[in-house]
Structures are given as C-alpha cells and as structure tokens.
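Me: I would like to learn how to read a protein model. Can we take it feature by feature?

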Amino acid sequence: MEDLTTLDRKALLQQGYADNPYDAQRSTGKSDVEMVAAEKKKQTVAEQVMTDHLSRAVISDPEQNVTTGKQESACILPVSNITPLRLRKRTLHETKIRTHSTLTENMLSNKVQFDGRIISRNGRDACRELIGFFFTHDHSLTVYEYRQFGKNRTNVLPFIQKNIYSHQRGRRKGKQYQLGDFYVGANLTFLNSDHLRLPESIKENTLLILRITNIDHIALDSLRTDFVEHEDDINRQEANDRLVFKAIQDELKEQLHKRGVRILTGLGKHFQQMDQEGNGLLDKADFKQALKVFHLEVSEKAFMKLDFNKTGSVPITDIRKCYCAKKHPQVISGHFTEEQIKSSFLETLKDACNNSDEVSYGEFEDYYEGLSIGIVNDEDFVNILRTPWGI
C-alpha cells in the first residue's frame, strides 16, 4: 500500500462494496427477470431468422426468373427492347413452390445460436446487441441485430447476411468456419468490404471482429455428436497458443494485483496512443515496449444502463446522477459521507479518461477491469458493480 498514490487509495474505496453480504435472494430474483427477458429476445430473433429464410427464399430465388424467361422466349419474338427479366411480372401459376436452393425448416433447425459483441473502442458499436446463428447443413452463418425503442417497440434486422464465411486472420486464415470454431470467447472475423450495409464507424477498419459472449450449449453439444470434426495440427497449435496466453495473463495479473487501478487504466490510454491505425491491435514489439514503460515484465454492463441512448459515451454529469453511494459500508458506518465516496469515484474515473467531461464505453470497462484485478471472488465483484448502480 505504501507505493499507492492518493488517487489509487480513492479508487480502492470502490472495493468496499464487496464488504456487503452477498444477497443471493435479491440477486436470484433479478437474474430470473433478466433471463426471461433474454430468452424472449432470443426467441424474437430466431423467429425473424426463420421468417426471412423460409418465406422469402422461394419467391425471390433467381431460378424463378429463369423459368419465366424460358416460357417467354418460346412465344415472344426477339426484340431489342424486351423488358429485363427482373422487371417482368410473374403470375402465381408461373411461380414454383420449391426451387433447387429452397431451404426447409428442418435444415434451418440444425443450428447453434450465440450472442456476440463487436470488439471496438467505439462504445456505440460495442454496445450493439447481436445474435448469430451457425447452420450445420451448409456451414453458413448469419448475425442479426436486436434493437429496442422504448418498452414495447423492437426491431430485428440482418447485420451479417447469411452466407459461408472464412477466418480472416490467425492460424485458420482462409479456412471456412466449422462447428468447432464456435465457443464462448471465440472471435469471428469478417472483411468489412464484403458488407456494404455496415455502419460507417465499423467500415473505418478493415476487419469486423465479433466475440462470442454466450452460446446455446445444449444445441452445441447435440450437434457435436452428429458432426464429428477431426483434430488437426492447427487445433494443437491453437491449444498451445491458449496456454501461452494464459501464462502471460496470469503473470501480468499477479503484477497488476500489487499495483493501483490507475496503472491498468493508464496502460489502456498508452495502448490507444500507440495504436496509430486505430484497429485495436499492437504488434509484439510495441506491446513489450508499453509494458516496459509501466514497469511490467513478461517472461468485455453497468455502462448499458448509463448509456441509454446507445451513443457510446456518457457525460460525467449523468454518471454523477446515477451513481449512489448510500449503501457503501463506509457510509453506513459513518466514516465517510455519500458525497465523499461519490467524489472519490468521479475523481479517479475522470483521471482514467481522455476527456474529463465524458466517459467512453472502453474507458468505463478499463476502469472496472482494473478494479477487478484485486477482487478474488466473482460475487464480490458483482456487489461492486450492482450496489452503486442499482442493477
């Protein structure tokens, strides 16, 4: 503790919320409500996916126009100003009930559903609610965005169109996505140039990186028994990569555990300054140099409540209004006032931000990630997040 600055000590006051007894009953009640809402959301998206790919596929299949073209060519003399096929009317009796590429409900039911988050420092993009589907019958995938306006109005639209895609970086670059590529923590990469309807803020980068944050494990386990994928050299290399990364992370965690919250937030700011391309990536040499500057050596929700307009940043004035220190143990005991705890929090949070008037999603995440280094128990960290924000 003697190496910590005054701001570090103020930041560590937030860990005091962990001293509150964990209210399992209250937590369970909130979790049940959240789970019901999440399931309803997933069901809405799944129904929209089925509607899009079952009802529209046959009608809009190009094969319908080929059939119509053959019928018309048999009775119409070749004229230079014939209307293009795509603009001609097709009567009901000329429309096929089924085409060669028609999808069936049985085909689409063999799928695994997952939640995803865009890896981005742009808070608006990072907060997008994305739900994806991987179909085993043709190894295609699609991603939909779920948007809610007010309490009752929702919108579900394709974000990544259904198609067969390949890895765009890493050891599997160029290889098609397989069932084994889908697990919590996996990154899916897409070329932004292939998706012209993506928001401009995303198209600024070459790659769209989508991290899987949740997955339907029941469907995944069931499909794995039906579709066995053989282990190859890349699997073994990737397993070794994960072990190396885990060792590096554990070593850094051990060093950061002994340092203040501001070391991690400062490190994050330093990374951003070094990231001249703005793609969130540093090469190994730059990474090592950044760690050296901070004397470190190596041998991804409360924000969603604050940013209700999904702008990606929150004014400090709004954070002051939402933050409540009434249940902090030091306030309850009389050692500090609510205003003192709140001011300490805001002072340390502003120090972690590039703009002292507002907090971005990435900065908010970095702050609590730094705070979490010193918290061993997950339930304690839940208290630190839920108590002051009322979530």
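Me: Let us start with charged pairs. How far apart are the closest N and O atoms of lysine 42 and aspartate 115?
Reply: A salt bridge is a side-chain nitrogen of Lys or Arg within 4 Å of a carboxyl oxygen of Asp or Glu. Lysine 42 and aspartate 115 form one, with their closest N and O atoms 3.6 Å apart. This pair links distant parts of the chain. Lysine 42 sits in helix 2 (residues 24-55), aspartate 115 in strand 1 (residues 111-118), and 73 residues separate them. Helices (H or I, at least four residues) and strands (E, at least two) are DSSP runs, numbered from the N terminus.

Me: What should I know about the model itself?
Reply: It is a predicted model: local features need pLDDT of at least 70, side-chain atom pairs count only at pLDDT 80 or more, and totals for chains, interfaces and linings use all residues. Residues are numbered from 1 along each chain as its sequence is written, and side-chain values use heavy atoms, with hydrogens and water left out.

Me: Are lysine 42 and aspartate 115 buried or exposed?
Reply: Look at relative accessible area: buried means under 20%, exposed over 50%, and partly exposed in between (1.4 Å probe, protein chains only). Lysine 42 and aspartate 115 are both buried.

Me: How many salt bridges does the rule give?
Reply: The count comes to 10. Take lysine 203 and glutamate 200, whose closest N and O atoms are 3.2 Å apart. They are 3 residues apart in helix 7 (residues 200-203), so about one helical turn separates them. Lysine 203 is partly exposed, at 27% relative accessible area. Glutamate 200 counts as exposed, at 58%.

Me: Which side chain meets arginine 320 in a salt bridge?
Reply: That of glutamate 339, at 3.2 Å from N to O. Arginine 320 lies in helix 13 (residues 316-322) and glutamate 339 in helix 15 (residues 338-351), so the pair ties together parts 19 residues apart in sequence. Arginine 320 is partly exposed, with a relative accessible area of 33%. Glutamate 339 is partly exposed too, at 40%.

Me: Which residues are linked in a network of salt bridges?
Reply: Asp125, Arg128 and Glu145 are.

Me: Now a single residue. Why does threonine 142 count as buried?
Reply: Threonine 142 counts as buried because its relative accessibility is 0%. This residue lies in strand 3.

Me: What does threonine 142 touch?
Reply: Contact means heavy atoms within 4.5 Å. Leaving out residues up to four places away in sequence, threonine 142 touches Ile131, Gly132, Phe133, Phe135, Ile160, Gln161 and Lys162. A polar atom of the threonine 142 side chain also lies 2.8 Å from the backbone oxygen of isoleucine 160.

Me: Where is histidine 328?
Reply: Histidine 328 is in the loop between helix 13 and helix 14 (329-332). It counts as buried, at 0% relative accessibility. Setting aside neighbours within four places in sequence, histidine 328 contacts Leu13, Gly16, Tyr17 and Ile341. Histidine 328 and isoleucine 341 are 13 residues apart in sequence and 8.1 Å apart in space, C-alpha to C-alpha. A polar atom of the histidine 328 side chain lies 3.0 Å from the backbone nitrogen of glutamine 330.

Me: What volume has the second largest pocket?
Reply: About 400 Å³. Its lining has 19 residues, and Leu157, Pro158, Phe159, Gln161 and Arg197 lie nearest the centre. Strand 4 gives the largest share of this lining, 7 residues.

Me: Which residues line the second largest cavity?
Reply: Arg121, Thr265, Gly268, Lys269, Gln272, Ala352, Glu363 and Asp366 do. The space in this cavity is about 30 Å³. Helix 10 gives the most to the lining, with 4 residues.

Methods. 1 Å grid on protein atoms, 1.4 Å probe; cavity = no way out; pocket = protein on both sides within 12 Å on 5 of 7 lines; lining within 4 Å. Points joined across faces, edges and corners; volume = space filled by probe spheres on them. Polar contact = N/O pair within 3.5 Å; in protein donor to acceptor, adjacent residues only side chain to side chain.
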